[in-house]
Amino acid sequence: MCVKGMSTVLAVIFCAMIVQGGRCLCIGPGVKAVKVADIEKVSIIYPSNNCDKIELIITLKAHKGQRCLNPKSKQANAIIKKAEIRNFLKYQNV
């Protein structure tokens, strides 16, 4: 009985880890573009244990909420490149 109970507990823990591991903040592909004048903040979330894709979350000005930007769009690629250049330059000035 003890072995049966232990294997059941391990199976439940394993299933919980699998379900919890697949949570991305963006549902679906996201929008292709956002007006640059409306952008207040950009958050780039790289692949991790929680989500296996790059996510770009755009916070809009004037409390218009947030949008997920499609990471394969031209605007998203430009934002990612700009962020990588800024990070590279930041660490070069140390």
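Q: Where do I start: how many helices and strands does the protein have, and what pattern do they follow along the sequence?
A: Start with the parts list. The protein has two helices and three strands, and along the sequence they follow the pattern α-β-β-β-α. Keep in mind that this is a predicted model.

Q: How do I read the sheet, and what is its strand order?
A: The general idea is that strands of a sheet pair through backbone hydrogen bonds, either parallel or antiparallel. Here the three strands form an open sheet in the order β1-β2-β3, and the pairing is antiparallel. β1 (39–45) and β3 (66–69) are the edge strands; each has a single partner strand, so one side of each has no neighbour in the sheet. From one strand to the next, the twist averages 25°.

Q: How many bridges join β1 to β2, and how many join β2 to β3?
A: Six bridges join β1 to β2, which covers residues 55–60. Four bridges join β2 to β3. For individual pairs, look at Val42, whose bridge partner in β2 is Ile58, and at Ile44, which stands opposite Leu56 in β2. Leu56 also has a bridge partner in β3, namely Leu69.

Q: Which helix packs on the sheet, and at what angle to β1?
A: That would be helix α2, residues 74–92. Helix α2 touches β1, β2 and β3, and its direction makes about 80° with that of β1.

Q: How do I read the two faces of a strand, and which residues of β2 point which way?
A: In a regular strand the side chains alternate between the two faces of the sheet. In β2, Glu55, Ile57 and Thr59 point one way, while Leu56, Ile58 and Leu60 point the other way.

Q: Is β2 mostly covered or mostly exposed?
A: Mostly covered: six of its six residues are buried.

Q: Which residues make up the largest nonpolar core?
A: First the general idea: in soluble globular proteins, nonpolar side chains tend to be buried together. The largest nonpolar core in this model has nine residues: Val34, Ile39, Leu56, Ile58, Leu60, Leu69, Ala76, Ile79 and Ile80. β2 and α2 each supply at least two residues of this core.

Q: Why does Ile58 count as buried, and what does Ile58 touch?
A: The cut-off for buried is under 20% relative accessible area, and Ile58 is at 0%, so it counts as buried. Ile58 sits in strand β2. Beyond residues up to four places away in sequence, Ile58 touches Val34, Ile39, Lys41, Val42, Gly65, Gln66, Arg67, Leu69 and Ile79.

Q: How do I read contacts over the whole chain?
A: Look at how far apart in sequence the partners are. Of the contacts in the protein with a separation of 6 or more, 49% come from residues 24 or more positions apart.

Q: How do I read phi, and which residue in the hairpin of β2 and β3 takes a positive phi near 60°?
A: Most residues other than glycine have a negative phi, and most peptide bonds are trans. In this hairpin, which has five residues between the strands, Ala62 takes a positive phi near 60°. His63 is in the loop between β2 and β3, and its phi is positive too, near 55°.

Q: Are Ala62 and His63 buried or exposed?
A: Exposed. Ala62 has a relative accessibility of 60%, and His63 has a relative accessible area of 83%.

Technical notes
Residues numbered from 1 in each chain as written. Predicted model: local features only at pLDDT ≥ 70, side-chain atom pairs only at ≥ 80, totals over all residues. Heavy atoms only, no water. Pairing = 2+ DSSP bridges. Axes fitted to C-alpha atoms, helices over the stretch in contact; angles between N-to-C directions. Contact = heavy atoms within 4.5 Å. Core = buried A, V, L, I, M, F, W, Y, C linked by side-chain atoms within 4.5 Å. Buried < 20%, exposed > 50% of the residue type's maximum accessible area, 1.4 Å probe, protein only.
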